[in-house]
Amino acid sequence: MDSFIKSVKKLIKSCDCDYECNAIRFKQNFKNWTSGNNGINKFIQNTQLSDHNEYMVRNALEWIPYERLYDIKYIAADDEFGKVYRANWTDGHLNKWNDEKQNWERGGQNMFINLKILNNVASITSRYIDKIAVSHKVYGITQDPETKNYMVVLNDICEKCNNVCNSIHFQQNFKNWTSDNNDIDKFIQDTQLSDAHDDVKKALEWIPMIDFMMLNILQKMMSLAKCTEQIGLMDA
Ligand SMILES: [Zn+2]
Ligand SMILES: [Zn+2]
């Protein structure tokens, strides 16, 4: 293994790590994916080759197969970056290397992400990504197989946490529920936005009434069943 690491290291410029670093692991995987575009391949590879952490993945981007995204919906046209779509990402983002499993651990399975179309493939430069990364967490690049558009896969970050925290996840889910009462919606949303950044237990959530109704009906049925049983016993 040691000699293998050394020979790979020779291929990675500026890797002086005295441990197996993420750059080495990413490099071993280059042959298993392609974006179909050399410039984009090179760009993603360079972000991976500059990740010399031992375990945690920091700024490495990855090639994200489009079929790992679902519920893709157009949400808005951003002044700066153009059309923005929202989707869910089955796998979630790279988190850290797991030595035992010899694989990456991921976080945020089925998480919401945003997609920004790259109008010009040549525009994918470190400066472009750095600019987006001021207010977003960038995960990688994907391609719509129908339109052939390349898209940057990213997420909003919370101004307070400088990260994709619980509040961001709650906010992305606002449109999926309502109590049918604006004040109650607002109250619940406020707990999700203001208190839950690092502790999800501090947030309230809307539990649809149907759950309470079902519970109620179930309890009535159970007590009715008990009654019948008791009457049955008395008759006997
Ligand atoms: Zn290294
Ligand atoms: Zn936050």
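Mentor: We begin with contact: two residues are in contact if their C-beta atoms, placed from the backbone, lie within 7 Å. Helices (H or I, at least four residues) and strands (E, at least two) are DSSP runs, numbered from the N terminus. This is a predicted model, in which local features need pLDDT of at least 70 and side-chain atom pairs count only at pLDDT 80 or more, while totals for chains, interfaces and linings use all residues. Residues are numbered from 1 along each chain as its sequence is written, and chains are lettered from A and ligands numbered from 1 in the order in which they are written.

Trainee: How many helices and strands are there in the protein chain?

Mentor: The protein chain has 7 helices and 8 strands. Among its contacts with a separation of 6 or more, 48% join residues 24 or more positions apart.

Trainee: What is the strand order of the open sheet?

Mentor: Two strands pair if DSSP finds at least two bridges between them. Here 6 strands form an open sheet in the order E1-E7-E8-E6-E3-E2, with mixed pairing. Strand E1 (62–63) and strand E2 (69–78) are the edge strands, each pairing on one side only.

Trainee: In what sense do E7 and E8 pair, and over how many bridges?

Mentor: Strand E7 (residues 136–143) and strand E8 (residues 150–156) are antiparallel, with 7 bridges; Gly140 lies opposite Val153 in E8. E8 also pairs with E6 in the antiparallel sense, over 5 bridges, and there Lys116 has Val152 as its bridge partner. Strand E6 (residues 111–118) in turn runs antiparallel to strand E3 (residues 82–89), the two being joined by 6 bridges, with Ala87 opposite Ile113.

Trainee: Which strands does helix H3 lie across?

Mentor: Axes are lines fitted to C-alpha atoms, for helices over the stretch in contact, and angles run from 0 to 180 degrees between N-to-C directions. Helix H3 (residues 38–49) lies across E1, E7 and E8, at about 145° to E7. Helix H4 (residues 126–133) lies across E7 and E8, at about 130° to E7.

Trainee: Which residues of H3 are buried?

Mentor: A residue is buried if 20 or more other C-beta atoms lie within 10 Å of its own, exposed if 12 or fewer, and partly exposed in between. In H3 the buried residues are Ile40, Phe43, Ile44, Gln48 and Leu49, and they pack against H2, E1, E7 and E8. Ile44, leaving out residues up to four places away in sequence, touches Ser35, Leu61, Glu62, Trp63, Gly140 and Ile141. Over the whole protein chain of 236 residues, 20% count as buried.

Trainee: Which residues touch the most other members of the largest nonpolar core?

Mentor: In soluble globular proteins, nonpolar side chains tend to be buried together. A nonpolar core is a set of buried Ala, Val, Leu, Ile, Met, Phe, Trp, Tyr and Cys residues joined through C-beta atoms within 7 Å. The largest one has 28 residues, of which Ile40, Ile44, Ile113, Tyr139, Ile141, Met151 and Val153 touch the most other members. Helix H2 (22–28), H3, E3, E6, E7 and E8 each contribute at least two residues to this core, and E8 gives the largest share, 5 residues.

Trainee: Why does Asn149 count as partly exposed?

Mentor: Asn149 counts as partly exposed because it has 17 C-beta neighbours inside 10 Å. Asn149 is in the loop between E7 and E8, and beyond its neighbours within four places in sequence it is in contact with Ile117, Gln143 and Asp144.
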